[in-house]
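Thanks, everyone, for making the time this morning.

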Amino acid sequence: MHGTRNWVDGFGRIHDDLRISVTDRCNLRCTYCMPVEPTWFDRASILTYEEILRVVRVFCARGGRKVRLTGGEPLVRRDLATLIGLLSQQTALEDISLTTNGVLLAEAAPDLAAAGLRRLNVSLDTLSASRFQEMTRRDELARVLAGLAAAALCGFDSIKINTVLVRGKNDDEVEALVAWSRECNFEIRFIEYMPLENGATWDLSRVVAGAEVRRRIEALWPIEPVEGANPHAPAKRWRFVDTGTPLGFIDSVTQPFCGNCSRLRLTSDGKFRVCLYDDREAELREPMREGAGDDEIERRMERALAGKGRGGALEIFERQAALPLVRTMHQIGG
């Protein structure tokens, strides 16, 4: 190892947060995430848990502190609790979290909690069964809600709801979703609709700005900003005045947060990405399988980070248009 303390890019941004996709496969087909008939990676190309752990060790040796597991849908990966247990043993890691669609959560939640997972984000865009089926192309809302109920009994430090609003699809449910999340004591986070699928259906008119959502919520429930929130977190955190329960807004289209970005990405097929919107990738899987040492893995990651630009979301904001991407969201990781 080179002994450098942090992962720093050419803009002076320190990166201590690694998003790890454990699979590209998913049991839903959300319209903003993947094509109707996705092409899956060959199973032999998917990183093993040992390979993932090796990359995490290299990451932590240079100041990495946080890991988030994503997919596809991470819970379709067999024995995911085993990986969480291995990550929990890495003393440098201060935070291990998981983003899931919740379909398999009822069965998985006890094992995840026992393995050391503390924080959970569940994607849920609607409380309507028919609309859920329309948006995800699957009839699984009841299982998602059952999974959330089961997870609430497992002692996680945090359960957050990730809601993507699409104008004309589900933007009429803001108030109902907030009321439900308050009743269940879940922290809801509204995410602006990002251009990450390959069906060329994204346009700015379908984005529901976070500022608009905040106004609608404030009309019914007083909210206030959370002081001292992490400036590197993608969500701007607020809280309800009456209960103190937090809520968040990820305004990635109307207010890009690239200037404070601290995130790096490892795809399920072993590619290292420094930006969600940048298709340039460093190959890590093949050198690991060919016997490369940790120094070589670190050098590849370092070279990739040195080439990180200002941020793709800023370019989208300035162009007011999507960027062409080779991968769709399910192939990159949430």
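Let me start with asparagine 185, which is exposed, because its relative accessible area is 54% and the cut-off for that label is over 50%. Please keep in mind throughout that this is a predicted model. Asparagine 185 sits in the loop between α6, residues 174-184, and β8, and although it is not a glycine, its phi is positive, at about 65°. As background, most residues other than glycine have a negative phi, and most peptide bonds are trans.

Arginine 137 is another residue to look at here, being a residue other than glycine whose phi is positive, near 60°. You will find arginine 137 in the loop that lies between α4, residues 129-136, and α5, and with a relative accessible area of 26% it is partly exposed.

While we are on the backbone, let me also point to the peptide bond from glycine 71 to glycine 72, which is cis, with an omega near 10°. Glycine 72 belongs to the loop between β4, residues 66-70, and α2, residues 80-88.

Now to the strands. Which strands are joined to β11 by bridges? Strand β8, residues 187-192, runs parallel to β11 and is joined to it by 3 bridges, with isoleucine 191 having isoleucine 250 as its bridge partner in β11. Strand β10, residues 236-240, runs antiparallel to β11, and 4 bridges join the two; here lysine 236 has phenylalanine 249 of β11 as its bridge partner. β10 and β11 form a hairpin with 5 residues between them, and in the turn glycine 244 has a positive phi of about 80°.

Finally, the helices. Helix α3, residues 105-115, packs with helix α5, residues 141-151, at an angle of about 25°, and their axes are 8 Å apart. Angles under 35 degrees count as roughly parallel, and α3 and α5 are therefore roughly parallel to each other. Their crossing is right-handed. On the α3 side the contact is made by Leu105, Ala106, Glu107 and Ala109, and on the α5 side by Arg143, Ala146, Gly147, Leu148, Ala150 and Ala151. Sorted by class, this contact of α3 with α5 comprises 7 nonpolar residues, 1 polar residue and 2 charged residues.

I will stop there and take questions.

Methods
Residues are numbered from 1 along each chain as its sequence is written. This is a predicted model: local features need pLDDT of at least 70, side-chain atom pairs count only at pLDDT 80 or more; totals for chains, interfaces and linings use all residues. Side-chain values use heavy atoms; hydrogens and water are left out. Axes are lines fitted to C-alpha atoms, for helices over the stretch in contact, and angles run from 0 to 180 degrees between N-to-C directions. Angles under 35 degrees count as roughly parallel, over 145 as roughly antiparallel, 65 to 115 as roughly perpendicular and the rest as oblique. A crossing is left-handed if the near helix is turned anticlockwise from the far one by less than a right angle, and right-handed if clockwise. Contact means heavy atoms within 4.5 Å. Ala, Val, Leu, Ile, Met, Phe, Trp, Tyr, Cys and Pro count as nonpolar, Asp, Glu, Lys and Arg as charged, and the others, Gly among them, as polar. Two strands pair if DSSP finds at least two bridges between them. Buried means under 20% relative accessible area, exposed over 50%, partly exposed in between (1.4 Å probe, protein chains only).
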